[in-house]
Amino acid sequence: HGHSNAQMRLILIALVRPALLLTPPPRKLPRPRLIRAVPDEAPGTVLGSAALVAGTTVGAGILALPAKTLAAGLAPTATLLVGGWVFMAATGLLIAEVDLNTACVLDRDAVSINSMAEETLGDAGAKASSAVFLFLHYCLLTAYVVQGGQLLAEALGGADTFVAAPAFAASIGAPAALLRPATVERLNTVLTAGVVASFCYIVAGGISRVDPELLTRADWTAITPALPVIPVVYVYQTVVPTLCYRLQCDLGAVRRAVLVGLTIPLCMFLAWSVVVLGSTPYVAGDSVDPLALARASGDGFGTAILYFSLLAVGTSLLGFATGLVDFFGDLLNLEGDNRPPYLWAAALAPPAAIAALFGNPSLFFAAVDLAGVYGILVLFGVVPACMAWGSRYGDAALDADEAAPEAVPGGRASLGAIAGFAAAIIGLETYGRLGVG
């Protein structure tokens, strides 16, 4: 009888263990080695991942947008927002494609932009990408902490930004450093829901303030100052490696998370532009920030904008700090979700110090512009196209049956167009900054 019990246990183990290995199911691509790219904890969901994309996207960009687009009007702004959505969705999906191919080659759970660049562009490409990555992240984290500190000071009735900026950074960084990643993702989903709820309140309450005549004004030549802001408005690519890891390297799931996560901000930005541009008269020659005007009014609408702004910057700070901490973890060869608290301190202490000492609204706009042109358009415009080229056609290319499917159709032509477009904007902005001619 004992012998038959032992046999039954063996049969049960034989049946159950393969089922455990296949739960959650591995990615559909014929890549057995990537089955191990399964999170140590429960895997992320498409909805949670889309919330991470949306939360990372809705941040400093949306707060810089009205000041940069007021002169141009609604039609040029809407056109730029739709074009930006297409471009930034494409480059994020290219990063996902390269991520899957690199994870296979390195046999690693989660890989960063740095690892991808090294695998596809060589050592020099990896070092250049790492330098731009650090520049971009510290630039944007500084912008977020400056803005967050200013907003927190306003919310607390005029507290000193010397105290408010570090306090804002700590309020996001401490929970992220000390709680489990799955808990942080749930908190981020709740914060993102708060962003969406306060945003809906602003749009619903703001519609009655809109003057239709203001929406008909269009000055297409005045849209160029908004060009550096659009990449910042849509930047989320830093969390793509995290998505690939949490969604178990399933390209279809990553694509759905990116497209859903990016469409939410597009709809929000369009509605936001209607309300803000439709309720703020433009006076030629005046340089005003419509949001600062609204917050200063002290009414319910201004208060709603204040708290929406705080939540939006908070979710964005969390997304970017996560990306930078993952980058540090990759440099130190830390596996899986092992991210010690000192990495969070390294990510957030320098921006908090700069914001405390030099924080003012003009630093926010300057940091956003620099990050957009020399950070995002290089790292998340030119570089993904070059990496995908190397991954598909270079020495690092995998066999067709092993490689991830093309995340963006169009082959060499689409990759050339993406890199060329980003390089053209960088050149145009540099030309303008140098004041040549």
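The entries below go through the salt bridges that I looked up.

I noted that this is a predicted model, in which local features need pLDDT of at least 70 and side-chain atom pairs count only at pLDDT 80 or more, while totals for chains, interfaces and linings use all residues. Residues are numbered from 1 along each chain as its sequence is written, and side-chain values use heavy atoms, with hydrogens and water left out.

I took a salt bridge to be a side-chain nitrogen of Lys or Arg within 4 Å of a carboxyl oxygen of Asp or Glu, and by this rule I found eight salt bridges.

I looked up K68 and found it paired with D369, with 3.0 Å between the closest N and O atoms. K68 sits in helix 3 (residues 60-69) and D369 in helix 15 (residues 361-393), so that the pair links distant parts of the chain, 301 residues apart; helices here are DSSP runs of H or I with at least four residues, numbered from the N terminus. Both K68 and D369 are buried, where buried means under 20% relative accessible area, exposed over 50% and partly exposed in between, with a 1.4 Å probe and protein chains only.

I then turned to E154, which forms a salt bridge with R295, their closest N and O atoms being 2.9 Å apart. Because E154 lies in helix 5 and R295 in helix 12 (residues 290-297), this pair ties together parts that are 141 residues apart in sequence. E154 is partly exposed at 33% relative accessibility, whereas R295 is buried at 11%.

Notes:
Helices (H or I, at least four residues) and strands (E, at least two) are DSSP runs, numbered from the N terminus.
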